[in-house]
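Keep the sequence and the coordinates open while reading.

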Amino acid sequence: MCDTCGCNVTHGNQHLIAAGGKLQKTGQGNEAVSVLKSLLSENDHAAAHNRQHFDSHGVLALNLMSSPGSGKTALLEATIDALGNRYRIAVVEGDLETENDAERIRRRGVQAVQITTGTACHLDAHMVHTALHQLNLDDIDILFIENVGNLVCPASFDLGQHRNITLLSVTEGDDKPSKYPVMFRAADLVALTKVDLLPVLDDFDPDRASGNLRALANAAPVLEMSARQPETLRAWLQWLDDEVQHHHTHCENGETLRPRIQPDGAHLHGLA
Amino acid sequence: MHELSVCQALIAQLEELAHREMAQRVERVLVGVGPLSGVEPQLLQRAYPLAAAGTLAQDSELAIEDRPVRVHCPQCGEDSDASASRLLCAHCGNWRTSLLSGDELILIQVEFIREKDYV
């Protein structure tokens with residue numbers, strides 16, 4: 001398959017380059033070149049490279065996404081407290097400014113690399129790759145990548161992670177999945193956080209949140225939890241155990257574990 | 001506002017393609033964007049001239065083809081139109097559908113100008 005002659009043009013786009021098609025030749029006789037390549041193919045390429053790194057070192061990489069303040073760092077702190085003795089955990093923190101989150105993680109005795117993006121509203125695969133240079137992947141079982149708090153932009157950039165986890169705190173609306181379909185469609189697990197506050201909130205219904213997620217054709221588990229109540233984390237910790245096993249099995253078979261939804265470029269371009 | 005990042009990645013691809021095609025300028029670019037790509041066509045349109053300034057794509061036209069959201073239902077076998085926030089089968093209501101189109105973010109075609117075109 002090549003990128004220049006149009007042999008990779010999908011059925012839906014054939015009319016554009018067929019003889020006499022509106023883009024085959026211009027009035028001035030300029031050359032029209034068919035490409036059909038993801039706009040983010042460079043990022044997708046770097047993401048595939050990251051994923052190979054993770055796999056060759058047996059590291060399970062998880063991408064945490066949510067709006068700001070939904071409890072990503074708090075969930076990581078509680079997870080480290082619960083699993084720190086069983087798994088070697090490391091964290092890549094993405095924020096516009098400050099080392100605050102990385103420092104919180106380090107206080108738990110876990111290595112953390114802070115990426116400050118300046119004005120960029122998301123992490124991309126190149127930023128994560130640069131951060132990986134500061135970590136010894138041989139010393140890590142689970143790498144959490146805490147993305148920039150934002151329900152829009154992070155969803156469009158593959159980082160090389162194996163799974164996407166999207167947090168939805170119960171102080172937000174239960175219609176968030178409908179409002180941010182790109183983000184929630186990409187989730188392999190949805191964590192409903194801060195559920196200890198449910199008794200004082202009369203406008204958040206976990207079932208409605210799940211229903212809105214299902215309307216995106218997403219069958220991902222929806223787990224209710226609170227970082228302040230360790231006993232509510234049981235299903236989440238079990239899911240992590242299962243994914244570590246799942247990843248090991250895949251690596252042993254020479255296969256790669258990928259998020260349920262791949263950015264468009266991955267399946268277009270054979271990088272998936 | 002990740003549309004600027006997307007445009008910068010697009011411009012990098014255009015420069016690489018132009019180099020390979022030995023073209024001097026980009027005249028027109030056609031991209032396909034679906035609502036589930038997470039990229040807003042209007043913002044892409046506005047960011048494009050900023051990213052293109054000073055490159056061989058400066059002053060080129062960005063054409064955007066909106067891609068429809070379509071799903072396939074494995075239960076009843078039918079395909080149907082859907083909206084970004086409701087990917088249900090329009091025929092039987094099943095939610096376990098698979099996406100046929102609507103998440104595209106692709107560079108479909110580029111029109112170049114070569115030196116000889118000026119002669």
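How many of the 9 residues of strand β6 (residues 105–113) of chain B are buried? In this predicted model, 9 of the 9 are, so β6(B) is largely enclosed by the rest of the structure.

The strands that pair with β6(B) come next. Within chain B, strand β1 (residues 25–33) runs antiparallel to β6(B) and is joined to it by 8 bridges. In β6(B), B:E111 stands opposite B:R28. Chain A also contributes: its strand β1 (residues 31–38) pairs with β6(B) over 6 bridges, again in the antiparallel sense. Here B:V110 of β6(B) has A:V33 opposite.

Two packed helices are described by the angle between their axes and the distance between the axes. For helix α3 (residues 72–83) and helix α9 (residues 234–252) of chain A, the angle is about 70° and the axes are 11 Å apart. Angles of 65 to 115 degrees count as roughly perpendicular, and α3(A) and α9(A) are therefore described that way. From α3(A), A:L75, A:T79, A:A82 and A:L83 meet A:W236, A:L237 and A:L240 of α9(A). The residues of this contact comprise 6 nonpolar, 1 polar and no charged.

The buried residues of α9(A) include A:W236, A:L237 and A:L240, and also A:D241, A:E243, A:H247 and A:H250. The length of α9(A) can be checked too: at 1.5 Å a residue, its 19 residues should span 27 Å, which agrees with the 27 Å between its end C-alpha atoms. After α9(A) comes A:G254, with a positive phi near 70°.

Key. Residues are numbered from 1 along each chain as its sequence is written. Chains are lettered from A and ligands numbered from 1 in the order in which they are written. This is a predicted model: local features need pLDDT of at least 70, side-chain atom pairs count only at pLDDT 80 or more; totals for chains, interfaces and linings use all residues. Side-chain values use heavy atoms; hydrogens and water are left out. Axes are lines fitted to C-alpha atoms, for helices over the stretch in contact, and angles run from 0 to 180 degrees between N-to-C directions. Helices (H or I, at least four residues) and strands (E, at least two) are DSSP runs, numbered from the N terminus. Angles under 35 degrees count as roughly parallel, over 145 as roughly antiparallel, 65 to 115 as roughly perpendicular and the rest as oblique. Contact means heavy atoms within 4.5 Å. Ala, Val, Leu, Ile, Met, Phe, Trp, Tyr, Cys and Pro count as nonpolar, Asp, Glu, Lys and Arg as charged, and the others, Gly among them, as polar. The expected span of a helix is 1.5 Å times one less than its number of residues. Buried means under 20% relative accessible area, exposed over 50%, partly exposed in between (1.4 Å probe, protein chains only). Two strands pair if DSSP finds at least two bridges between them.
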